Structures are given as C-alpha cells and as structure tokens.
Amino acid sequence: MPLLPSTTLMKRLPESAIGYLLIAPAFAIIVGLMLYPAVQTVWLSLHKVDLARMSHTTFVGLSNYAHIFGESWPSFLGDILPVTLYFVGASVVLQLVLGLGLAMLVNQEWLRGKEFFRATFIIPWVTSAIIIAFSWRFIYEPRLGILNYLLRGLGMANPPSWLNDPNLVMPCLIAANVWRGTAFSFIMQTAGLQSLPTEIFEAAHVDGAGAWQRFRYITLPLIQPFVVLNLILISMYTMNVFDVIYAMTNGGPLYKTEVISLYMYHDAFDFGHMGLGAAVAVLILALNLILTTIYMRLSSGRERG
C-alpha cells in the first residue's frame, strides 16, 4: 500500500522540523489566547473607555498614564507602588526561605512519613483563595477571633484590632499570603533537591565538609535554576494577588493595602474607567518583566562567576 503524501512528507522532514510542526497548533492557540488580550489591553490603555459604554471609545494617547502618575490620593508612586513592593518583597522572601527550609526538612533520610508531610504542606495551595481569606479574616477578628482569644488568655487586656490598624494590617496580609504561597515554593524546591545526585554529598561528607558547607557550596549552586524559576513564578503570582486582599481588607484602611492589582480593579470596575484600568494592567506587566529581567541577570552573572 503506497504511503500517503502527508506520511511521505513527514519522513522527508528532519526530526526538529517535525517536532515544531506537531506543536504548531497548540502554540498558535496559546499565542492567540495570550497575545490578543495583551494587545487589546494596550489598545484600551490609550483610549477613554467607560464601563457603561464600552462601544464608545475616544483616543487619548498617554493621558491615562499621565492621570495615574499625576493623581494625588492615592498617589501611584507615593502610595500604591511602595505598598505593592513591600507586599511582594516580604512575601517572596518568606515564601522562598520557608519553602526551601521545609523542602530540606522533608528531604532528610531520617524523616519518616514523608508522603504525609508533602500532602499536608500543599493543602494551602490547593485550597480556594476566598476560603483562605475568610479563614484568616476570622483569625484576626477583634472580638471573636482565635488570635485575640489567645492573647486575652495570656493576660493582654486590649489586644489589637489587626485588620483595622494601619501599622499591622500589611503584616497580617503578608502572613496569610505566605501561608498559602509557601506550599508552591515547597513543591518547586522539593523537585530541585530530589534531582541532585547523592554521590556528590557523600564525597563531600567523606572529605570533611560540614552540613553548612555542603548546603552553601553544593546544594545552593545545583538548585539555582529551580530557585530562579521559583522566584520568577512567585513574584509574578504575588504581584497579581487580588482575591485574598480584596476579601480581607479591600485595600483599607487608608489605602495601606491598596496593591496595584486592587488599584486596577477599583479603577476599571468600581469607578468604571476601563481605560485607566487597562493602563494599570500594562504597568503590572512592565513590573513583572522588570523583576524577571533582574532575576535572570543575577542568575546569569552568578553562573559566569
């Protein structure tokens, strides 16, 4: 039976070309789903668009961006951006450190019940963000929350009102976000640690290297690709966190938790200024690209070193 033309063509093509040809349909769908919304967002950011009249658009150029940077309250550079960087920076550092610590703990040979611990640690990540937000909101509740109940039991007469205190509300949100996001870092770092060859550590141990020396000079350099990828993913995820903050504080009090994703939502849907919301979305994309570039530059510099 003669070969079909398509089969003959496939046999004549090099293996690399065949691979690209096979993934082309999926790649086209993914690019379409990602590229079209991005282009549409940039287009909206250059127009005045009201939520109630989406069909009526007026080209305004960079006026939306000028309005964002020129607004006095809340100020984007003075209020929104510092709050966002504080939330992202603290969350990312804590998630990375705690995730790596838990991964190294579970990776120890003497530990029993590793499967139980792995299943337990990823529960926060697979739980709905809204459920997590309301659970933590109840923990911080001034009158009925378990945290203040414990503090009263320890003798504190007037425990703080956590989510209403401008000085405490952001650390409270960071704690809730870290509790949820550490599970992802744990999964990433566990995969990295399990990919390392045990012979290197055995040889280092025979040569007299201590636990800290093995961690610093062997473990960290070998899992660097996993750490960099983890940093990129959790930074992008934290930069876009919306649901937990919206359900717990909605940006209050006094804009102390008004991160950039919440700022975008308020502009676009609460006030109906879709063009302003799209401009903020473009700024979020720019911040994500800047953070990713910084991580990649630092990683490549360390590899060359």
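This is a predicted model: local features need pLDDT of at least 70, side-chain atom pairs count only at pLDDT 80 or more; totals for chains, interfaces and linings use all residues.

Visitor: How much space lies in the largest pocket?

Guide: On a 1 Å grid over the protein atoms alone, a pocket is an open set of points where a 1.4 Å probe fits, with protein on both sides within 12 Å along at least five of seven lines. Grid points are joined across faces, edges and corners, and a volume is the space filled by probe spheres set on the points. For the largest pocket that space is about 660 Å³.

Visitor: Which residues lining the largest pocket are the closest to its centre?

Guide: Lining residues have an atom within 4 Å of a point, and the largest pocket has 19 of them. The closest to its centre are Asn107, Gln108, Glu109, Phe201 and Arg214.

Visitor: Which helix gives the largest share of the lining of the largest pocket?

Guide: Helices are DSSP runs (H or I, at least four residues) numbered from the N terminus. At least two lining residues come from each of α9 (169-194), α10 (198-206) and α11 (211-222). The largest share, five residues, is supplied by α11.

Visitor: How do the residues of the lining divide into nonpolar, polar and charged?

Guide: Ala, Val, Leu, Ile, Met, Phe, Trp, Tyr, Cys and Pro count as nonpolar, Asp, Glu, Lys and Arg as charged, and the others, Gly among them, as polar. On that basis the lining divides into nine nonpolar, six polar and four charged residues.

Visitor: Is isoleucine 30 buried, partly exposed or exposed?

Guide: Isoleucine 30 is found in helix α2 (residues 15-45). Buried means under 20% relative accessible area and exposed over 50%, with partly exposed in between (1.4 Å probe, protein chains only). Because its relative accessibility is 47%, isoleucine 30 counts as partly exposed.

Visitor: Is leucine 22 buried or exposed?

Guide: Leucine 22 is also found in helix α2, and its C-alpha is 36 Å from that of threonine 182, which is 160 residues apart from it in sequence. Since its relative accessibility is 59%, leucine 22 counts as exposed.

Visitor: What is the omega of the cis peptide bond that joins glycine 252 and proline 253?

Guide: Most peptide bonds are trans. Proline 253 lies in the loop between α13 (243-248) and α14 (260-270). The cis bond joining glycine 252 to proline 253 has an omega of about -10 degrees.

Visitor: What is the omega of the cis peptide bond that joins tryptophan 73 and proline 74?

Guide: Proline 74 lies in the loop between α3 (63-70) and α4 (76-106). For the cis bond between tryptophan 73 and proline 74, omega is about -5 degrees.

Visitor: What is the phi of asparagine 250?

Guide: Most residues other than glycine have a negative phi. Asparagine 250 has its place in the loop between α13 and α14, and with a relative accessible area of 35% it is partly exposed. Although asparagine 250 is not a glycine, its phi is positive, at about 55 degrees.

Technical notes. Residues are numbered from 1 along each chain as its sequence is written. Side-chain values use heavy atoms; hydrogens and water are left out.
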